[in-house]
Amino acid sequence: MKTIAQSWILLALAGGAGCGVAPQQAPLPGQTPEAVAAATVPGAPSAPKADEYPVPPPPFSEGIYPCSFCHDMLDPNPTPRVLNNHDAEQPLRHGPGRWCYDCHNPKPMDVLRLANGTTIPFSESYRLCGQCHGDKYRDWKVGVHGKRTGSWNGKKEYRLCVNCHNPHAPHFKPLRPLPPPVRPAEIHE
Amino acid sequence: MTEDPSPPSRDALDSPEESREESLQQSTRRSFLAYAAAAAAGAVLASCTPEEREAYLQKRFRELSKEDVAKVVARLEAEYARKYGKPFKVGVEPAIPRTLFGYALDLSRCIGCRRCVYACVKENNQSRRSPPIQWISVLEMDKRTGVDVMESNLYYDPKEVPREGHFYMPVQCQQCRNPPCTRVCPVGATWQEPDGIVVVDYNWCVGCRCCMSACPYGARHFNWGEPHLPPEEANQETHYLGNRPRMRGVVEKCTFCIQRTRKGLYPACVEICPVGARKFGNLLDPESEVRYIIENKRVFLLKEELNTQPKFFYFYGV
Ligand code: SF4
Ligand code: SF4
């Protein structure tokens, strides 16, 4: 019999997730399905220790979060399709074949869900991103991918992936550069 | 890259400097005054205020006793407070033991937005105009040719960066382990500190600009005019060897934000960079991000063939 976690992983794979998630094993006696999933998904990001990665609050979109405000009244629909209001507000441009429930928990909706079925708060979303972007996650943890501020020999503040990358369209937005230096010939004083 | 697990040793690299300094010590400004031009110099000094006379007669920073340092700091703080109409702190924090600062910049991330350039100007009290001084130069390069300083563009100004087909290479003082700039200074006004930061004593610099011609990275800048620092923009948190206000006729350069980093903070350019391309830490600490980068990423040094031994590492984070 398939566990709930297994079903979700299969669903994610069928949806084209293909993030290197390994096939699941049957639980050993006394083992919860979740423990099996966590133990057998290679690189499945484990829960951080308290304050291991201090991050600012997630950038929730006003009028959209909490999801449960609308979704408590709706049934989860796993079929990819055109979504009028969400497509207008936050069109999904995150590689081909993605769907909401690859990342969002179907119900209750105010949490995220890893491929192994574990639900996590938005403040730990890096664990979710890390499932596919393992190389970036590894570098982020040691402060090499992304911005880390604070003290080089003390406490450091991390950024959530989503503080810099819009999760629905993650490509970094171009910026207006600050002015170029003055050419020597233009200095008159 | 040569790794040096011991604290920075002064012998191999600095000995020529040390011995030359001994000979320099035999002819300090004070002794010069005492013998030769007592009359002429006396006449000049007689027209000075007591503060100006004190400043002129000040010894080199490294030769000052604790009491003299305190006096110099008090004099400078009073001078800046008068000049800028607000209180200043002139720090003299020494190097943190067992620390050798290193910097790493991710060329695969930098988008050339120049946020670092202006954060640096603000943090370090550079002259805003006539001429403006910037310690960081961001070079735009063509992806097809790769790193080519001669063909790079310092003045790019498109609506948006990064520009298609281009990458960006910020250049600033590389804090060389084997710095040619300090060797050529005829008066010993610039040197490498034990934490590896190359500093300038503005009160000792004679403005000959030998160091500027010796530096292969264009990292040193000269105050051709009276620096223009609007009082409302002045950063009051300073260090004697770093961002305290400068005067006309002296050379200045990036100090890895000595006023911040010796207190454990990251440099201002690290904190501002919107893409997190800038990394900083202690090269002697195996847990630091710079060590991780050197050990795990593709790293290169700018003009490595010159044996300046930069402590500034360019890398590809992808
Ligand atoms: S702020 Fe960062 S991205 Fe912008 S030019 Fe400087 S190093 Fe590059
Ligand atoms: S980059 Fe130039 S100014 Fe900086 S230490 Fe090297 S030679 Fe000296």
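**Figure 1. The surroundings of B:Leu107 in a predicted model.** In this predicted model, B:Leu107 touches B:Val147, B:Tyr168, B:Met169, B:Phe300, B:Tyr314, B:Phe315 and B:Tyr316, leaving aside residues up to four places away in sequence. Is B:Leu107 buried or exposed? Its relative accessibility is 4%, and because buried means under 20%, B:Leu107 counts as buried. For a sense of distance, pick out B:Gln175 as well: B:Leu107 and B:Gln175 are 68 residues apart in sequence, and their C-alpha atoms lie 19 Å apart in space.

**Figure 2**

**Figure 3. The shell around ligand 2.** Here you can look for 13 residues around the ligand. Those that come nearest to ligand 2 are B:Cys173, B:Gln174, B:Cys176, B:Cys181 and B:Cys215. By class, the shell of ligand 2 divides into nine nonpolar, two polar and two charged residues.

**Figure 4. Where chain B meets chain A.** In this view, 43 residues of chain B are in contact with 31 residues of chain A. How much area do chain B and chain A bury between them? The value is about 3300 Å², with 57% of it on carbon and sulfur atoms.

**Figure 5. Salt bridges and polar contacts between the chains.** Chain B and chain A share three salt bridges. One salt bridge to pick out joins A:Asp139 to B:Lys297, with their closest N and O atoms 2.4 Å apart. There are also 20 residue pairs in polar contact between the two chains. Which elements of chain B give two or more residues to the side that touches chain A? They are helix H6 (115-123), helix H10 (268-272), strand S10 (278-282) and helix H11 (289-296). In total, that side of chain B has 23 nonpolar, nine polar and eleven charged residues.

Notes:
Residues are numbered from 1 along each chain as its sequence is written. Chains are lettered from A and ligands numbered from 1 in the order in which they are written. This is a predicted model: local features need pLDDT of at least 70, side-chain atom pairs count only at pLDDT 80 or more; totals for chains, interfaces and linings use all residues. Side-chain values use heavy atoms; hydrogens and water are left out. Contact means heavy atoms within 4.5 Å. Buried area is the accessible area (1.4 Å probe) that two parts lose on being put together, summed over both. A salt bridge is a side-chain nitrogen of Lys or Arg within 4 Å of a carboxyl oxygen of Asp or Glu. A polar contact is a pair of N or O atoms within 3.5 Å; within protein, one must be able to donate a hydrogen and the other to accept it, and residues adjacent in sequence count only if both atoms are side-chain atoms. Helices (H or I, at least four residues) and strands (E, at least two) are DSSP runs, numbered from the N terminus. Ala, Val, Leu, Ile, Met, Phe, Trp, Tyr, Cys and Pro count as nonpolar, Asp, Glu, Lys and Arg as charged, and the others, Gly among them, as polar. Buried means under 20% relative accessible area, exposed over 50%, partly exposed in between (1.4 Å probe, protein chains only). A residue is near a molecule or strand if one of its heavy atoms lies within 4 Å of it.
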